[in-house]
Amino acid sequence: IDILLPPFGETEVYDAYLSDKGIIHLLFRSGTATGSSVYYSRAPLVRADRATAWSSPTLIGRAALYPSSGALIGDESGNLVIVYSANPGGNNGLYTAYSSDEGANWSDTEPIFLTFDSDLTPYSLQMVAAANGQAHLVWNIVDEVGVDQALYYTRIDLDQADWKPPLLLAERTAQADFFGPSFPAIADNGHELVVMY
């Protein structure tokens, strides 16, 4: 069932989050390989199969990288956080936006991690919420030909919208048979945080 038309070009879904209030929050990229932007929309779960139930796409940020990656998560207090890879002004990195009212309003985007190299791109973003009001984020860095170079982790306090400094978890080595720290996954059981790659 068609529920949203892309503002322009093609559409790539980044992530979705179902809140305990029964709202589906959707994060997606729209555009082309040479220029695209990141958008947000939401709808009540019980009417998500109707195009009229979805909010008009809200522009979160421009200059999304291609290929790119994004993540969206929230908590029971109505806080939502978006992270996506982009290069506004030529600064490749991760950019974030925050909402404290179930996505009705969004902050301006700001960087939380920069590669300082136009040939390096954050990719494979994965985010998980924790029971203590925090969300954990992992991602890897790929070069211009897609070779994995590094793996990073950070977290945010959702109530305070406060990101901690990124932590380097793994780097590519010179071993011929080492593919690199690729496609990370993260899990939190309330007592332990596990990152796999």
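This is a predicted model: local features need pLDDT of at least 70, side-chain atom pairs count only at pLDDT 80 or more; totals for chains, interfaces and linings use all residues.
Student: What does the C-alpha trace span along its principal axes?

Tutor: The span is about 55 × 45 × 30 Å.

Student: And what share of the residues is buried?

Tutor: Buried residues account for 46% of the 197. The accessible surface of the protein is about 10000 Å², and carbon and sulfur atoms contribute 50% of that area.

Student: How about contacts: what percentage comes from residues 24 or more positions apart?

Tutor: Among contacts with a separation of 6 or more, such pairs make up 42%.

Student: Let us turn to the sheet. In what order do the four strands of the open sheet lie?

Tutor: The order is β1-β2-β3-β4, and the pairing is antiparallel. At the edges are β1 and β4, the latter covering residues 58–62, and each of them pairs on one side only. From one strand to the next, the twist averages 25°.

Student: How many bridges join β1 to β2?

Tutor: Eight bridges join these two antiparallel strands. Within this pairing, alanine 16 is opposite leucine 26 of β2.

Student: How many of the residues in β3 are buried?

Tutor: Seven of the 10 residues in β3, which spans 35–44, are buried, and the strand is therefore described as mostly covered. On to the next pairing: β3 and β4 are antiparallel over four bridges, and tyrosine 39 is placed opposite leucine 59 of β4.

Student: Changing topic: how many salt bridges does the structure hold?

Tutor: There are five salt bridges. One of them joins the side chains of glutamate 10 and arginine 29, with an N to O distance of 3.4 Å.

Student: Why does that pair tie together separate parts of the chain?

Tutor: Glutamate 10 belongs to strand β1 (residues 10–18) and arginine 29 to strand β2 (residues 23–32), so the bridge links parts that are 19 residues apart in sequence.

Student: Which residues are linked with Glu10 in a network of salt bridges?

Tutor: The network consists of Glu10, Glu12 and Arg29. Glutamate 12 is also located in strand β1, and at 29% relative accessibility it counts as partly exposed.

Student: What is glutamate 12 in contact with, leaving aside its neighbours within four places in sequence?

Tutor: Its contacts are Phe28, Arg29 and Ser68. For phenylalanine 28, the C-alpha to C-alpha distance from glutamate 12 is 5.6 Å, although the two are 16 residues apart in sequence.

Student: Which residue forms a salt bridge with aspartate 20?

Tutor: Lysine 21 does, and the closest N and O atoms are 3.9 Å apart. This pair qualifies because the cut-off is within 4 Å. Aspartate 20 counts as exposed at 54% relative accessibility, whereas lysine 21 is partly exposed at 49%.

Student: And what about aspartate 162 and lysine 164?

Tutor: Their side chains form a salt bridge with an N to O distance of 3.3 Å. Aspartate 162 is partly exposed, with a relative accessible area of 34%. Lysine 164 is partly exposed too, at 36%.

Conventions:
Residues are numbered from 1 along each chain as its sequence is written. Side-chain values use heavy atoms; hydrogens and water are left out. Buried means under 20% relative accessible area, exposed over 50%, partly exposed in between (1.4 Å probe, protein chains only). Two strands pair if DSSP finds at least two bridges between them. Axes are lines fitted to C-alpha atoms, for helices over the stretch in contact, and angles run from 0 to 180 degrees between N-to-C directions. Contact means heavy atoms within 4.5 Å. Accessible areas come from the Shrake-Rupley method with a 1.4 Å probe; for residues, only the protein chains shown count as cover.
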